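Colleague: I have a new model open and would like to go through it with you. Could you take my questions as they come?

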Amino acid sequence: MEQNFKIGVIGLGYVGFPLACLFAKKYQVIGYDINDKRIKEINAGIDSTNEVSPQALENALANGMRCTSLLDDLKVCNVYIIAIPTPVDDFYNPELLPLKKASTSVGKVLKKGDYVIYESTVYPGVTEEVCAPILEEVSGLKLNNDFFLGYSPERINPGDRVHTVENIPKITSGSTPEAADVIDRLYNSVLLKGTHRAPNIKVAEAAKILENTQRDVNIAFMNEIAVVFNALGIDTTDVLEAAGTKWNFLKFTPGLVGGHCISVDPYYLIQRATMRGVVPRIMIEARRLNNTMGNYIAER
């Protein structure tokens with residue numbers, strides 16, 4: 001099996017597409033997306049996200065990577081990697097519908113012995129408690145008997161030409177120890193910085209959402225500091241420069257928080273914690289404060 005991976009990448013955005021091109025260096029890869037315009041541009045050698053260089057895309061296509069919007073084309077695959085956006089709704093509640101639809105699609109082509117790996121950022125438990133039942137119901141197969149599950153969170157920083165997918169250590173996990181071994185070896189075969197194998201899927205899910213939530217909280221604190229010092233008539237930059245001369249001072253800076261990850265992912269953990277009776281006050285306040293900074297800066 002490991003010598004004959006046929007990889008289907010579901011979702012060809014700024015996460016899935018660079019991953020597909022990377023795996024195409026070594027394996028047969030089929031990229032799948034419901035956006036026909038996106039498929040046509042990729043097959044024409046164009047990446048409108050600018051995450052993959054023209055040469056890398058040309059090489060991937062020359063190596064046999066093909067992209068499609070036809071679900072049946074994925075039937076030849078035995079590994080499915082799902083990289084679908086996980087947004088929030090207008091009330092900041094996790095919106096899992098795109099992930100559920102992608103799971104339904106994969107369930108229609110899933111076969112015995114296949115692996116399904118999720119890369120989307122989710123709260124701990126989504127992969128096994130939300131996605132796995134959909135795969136089982138649609139395919140008629142049983143998890144860990146007929147097919148196997150994995151989670152390896154994306155760590156792409158859009159527009160970053162240094163920390164590209166092959167240069168980022170990847171967290172891997174699997175639904176069984178044997179599945180975790182296979183998935184870890186698969187990613188290790190194409191990555192330059194290797195992997196960290198998490199003990200289970202929930203730990204891998206939690207690690208990813210912690211990464212972005214930590215950044216949100218750190219930025220929120222510095223934003224609050226900037227507001228305070230501004231009220232006191234003190235230049236925040238001067239204060240940070242002075243405090244930074246101490247060896248153990250953490251040199252964070254204030255700033256706006258936007259984009260798809262840091263401004264969204266903490267809500268997934270906030271909701272999950274609240275459902276379990278824990279109110280994560282620091283995370284909630286960090287989100288509230290960072291959401292107000294745009295207006296504050298505009299008013300200034």
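This is a predicted model: local features need pLDDT of at least 70, side-chain atom pairs count only at pLDDT 80 or more; totals for chains, interfaces and linings use all residues.

Colleague: Start with the open space, then: what is the volume of the largest pocket?

Modeller: The largest pocket has a volume of about 450 Å³. Its lining is made up of 25 residues, and those closest to its centre are I10, G11, A83, I84 and P85.

Colleague: Which element gives the largest share of that lining?

Modeller: That is helix α4, residues 97-109, which contributes 4 residues to the lining of the largest pocket.

Colleague: And how does the lining divide into nonpolar, polar and charged?

Modeller: The lining of the largest pocket holds 12 nonpolar residues, 8 polar ones and 5 charged ones.

Colleague: Which residues line the largest cavity?

Modeller: The lining consists of V15, L19, E119, E154, R155, I156, V165, I168 and K170.

Colleague: Is S120 buried or exposed?

Modeller: S120 counts as buried because its relative accessible area is 4%, with the cut-off for buried being under 20%. Not counting residues up to four places away in sequence, S120 touches I82, A83, I84, T86, L99 and Y151.

Colleague: Changing topic, how many residues does helix α7 have, and how far does it reach?

Modeller: Helix α7, residues 201-231, has 31 residues and reaches 46 Å from its first C-alpha to its last, which is close to the 45 Å expected at 1.5 Å a residue.

Colleague: What is found at its two ends?

Modeller: At the start of α7, a side-chain oxygen of N200 comes to within 3.2 Å of the backbone nitrogen of K202. Just after α7, G233 takes a positive phi of about 75°.

Colleague: Then α9, which of its residues are buried?

Modeller: In helix α9, residues 265-275, the buried residues are D265, P266, Y267, Y268, I270, R272 and A273. What covers them includes α5, α7 and α10 (281-299), and α9 is followed by G277, whose phi is positive, near 85°.

Colleague: Those were glycines; which other residues have a positive phi?

Modeller: Two to look at are Y92, with phi near 65°, and N144, with phi near 70°. They are worth noting because most residues other than glycine have a negative phi.

Colleague: Where are Y92 and N144 found?

Modeller: Y92 is in the loop between β4 (79-82) and α4, while N144 is in the loop between α5 and β6 (148-151). Y92 counts as partly exposed because its relative accessibility is 43%, and N144 is also partly exposed, with a relative accessible area of 29%.

Colleague: Now A179, where is it and what does it contact?

Modeller: A179 belongs to helix α6, residues 177-188. Leaving aside neighbours within four places in sequence, A179 is in contact with Y115, F148, L149 and G174. A179 and F148 are 31 residues apart along the chain, yet their C-alpha atoms are separated by 6.4 Å.

Colleague: So why does A179 count as buried?

Modeller: A179 counts as buried because its relative accessible area is 1%.

Colleague: Last one, L57: which residues is it in contact with?

Modeller: L57, which lies in helix α3 (residues 54-62), is in contact with F17, C21, I42, G45, I46, D47, V52 and M65, again leaving aside neighbours within four places in sequence. L57 is buried, at 1% relative accessibility.

Note on methods: Residues are numbered from 1 along each chain as its sequence is written. Side-chain values use heavy atoms; hydrogens and water are left out. On a 1 Å grid over the protein atoms alone, a cavity is a set of points where a 1.4 Å probe fits but cannot get out, and a pocket is an open set with protein on both sides within 12 Å along at least five of seven lines; lining residues have an atom within 4 Å of a point. Grid points are joined across faces, edges and corners, and a volume is the space filled by probe spheres set on the points. Ala, Val, Leu, Ile, Met, Phe, Trp, Tyr, Cys and Pro count as nonpolar, Asp, Glu, Lys and Arg as charged, and the others, Gly among them, as polar. The expected span of a helix is 1.5 Å times one less than its number of residues. A polar contact is a pair of N or O atoms within 3.5 Å; within protein, one must be able to donate a hydrogen and the other to accept it, and residues adjacent in sequence count only if both atoms are side-chain atoms. Buried means under 20% relative accessible area, exposed over 50%, partly exposed in between (1.4 Å probe, protein chains only). Contact means heavy atoms within 4.5 Å.
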